[in-house]
Amino acid sequence: AFSLTFTEPIDPAFSAFELQDRDGRPLAELPFSLADEDRRAEVDLAGRALSKGIYRIAWRALSTVDGHTTRGLVPFGVGQPVSLGELPGGAKGAPFAPDPGRVVVRWLGYLGLTLLAGAAMFGLLASRAVAWPAPALVGMMGVVVMAGVFDLVYQGQELGASWWAVATRSRWGMFQLAEVLFGLGTGALLWAGRDAWGRWGG
């Protein structure tokens with residue numbers, strides 16, 4: 001068995017470990033289990049009758065903290081030593097380089113959530129309904145929804161899955177979906193308060 005330790009918890013639903021030959025040709029998907037608060041993966045090689053040679057494990061891990069995906073290679077030898085210089089790609093983890101567009105969209109989503117939550121808090125502190133302008137409410141809700149869905153679609157493309165599968169099967173996706181629903185719910189409450197203000201004049 002192989003043990004790989006990550007700096008953040010990983011999501012078992014969208015993480016994978018594949019056995020490859022020395023040239024990167026896939027041989028088998030490997031089962032694994034998680035330990036240490038999902039930060040350590042125990043990869044099972046039991047029952048694999050491997051002939052003498054060099055192999056590698058290609059891994060992909062989805063962080064449950066912020067949803068970023070990392071990849072890497074772990075070479076090993078059966079009956080012979082491993083020389084990293086001989087292997088395509090060597091032994092490394094692909095560094096996480098966030099897409100600038102995704103970062104901007106994600107922060108726009110956070111901004112929309114912050115504005116909606118702030119507007120709701122202002123109404124609670126003022127102890128009355130506030131007539132927020134309709135374009136502002138629609139804009140804030142739209143930013144939250146578009147940013148959330150874009151992030152899920154982008155992540156789905158990274159993982160080779162649909163955005164809905166990411167939203168409903170990964171821990172990060174569920175949290176992202178909850179953010180979108182929170183934004184919509186808060187916006188709906190503010191809209192209801194706006195209508196009440198229009199009918200009763202405060």
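1. Welcome to this structure, which holds 1 cavity of 30 Å³ or more. A cavity here is a set of points, on a 1 Å grid over the protein atoms alone, where a 1.4 Å probe fits but cannot get out. This is a predicted model, where local features need pLDDT of at least 70 and side-chain atom pairs count only at pLDDT 80 or more, while totals for chains, interfaces and linings use all residues. Residues are numbered from 1 along each chain as its sequence is written, and side-chain values use heavy atoms, with hydrogens and water left out.

2. The largest cavity contains about 100 Å³ of space, a volume being the space filled by probe spheres set on the points. Its lining residues (an atom within 4 Å of a point) include V105, Y110, L113, D151 and E179.

3. Two or more lining residues come from each of α1 (100–126), α2 (134–159) and α4 (171–200); helices are DSSP runs of H or I with at least four residues, and strands are runs of E with at least two. The most, 5 residues, come from α1. By type, the lining splits into 6 nonpolar, 3 polar and 3 charged residues, with Gly counted as polar.

4. Now for the largest nonpolar core, which has 14 residues. Such a core is a set of buried (under 20% relative accessible area, 1.4 Å probe) Ala, Val, Leu, Ile, Met, Phe, Trp, Tyr and Cys residues joined through side-chain atoms within 4.5 Å. F6, F17 and L30 have the most contacts inside this core. At least two core residues come from each of β2 (16–21), β5 (40–43) and β6 (53–62), and β6 gives the most, with 4 residues.

5. Have a look at F6 too: leaving aside residues up to four places away in sequence, F6 touches F17, R39, A41, W59 and A61, contact meaning heavy atoms within 4.5 Å.

Definitions and conventions
On a 1 Å grid over the protein atoms alone, a cavity is a set of points where a 1.4 Å probe fits but cannot get out, and a pocket is an open set with protein on both sides within 12 Å along at least five of seven lines; lining residues have an atom within 4 Å of a point. Buried means under 20% relative accessible area, exposed over 50%, partly exposed in between (1.4 Å probe, protein chains only).
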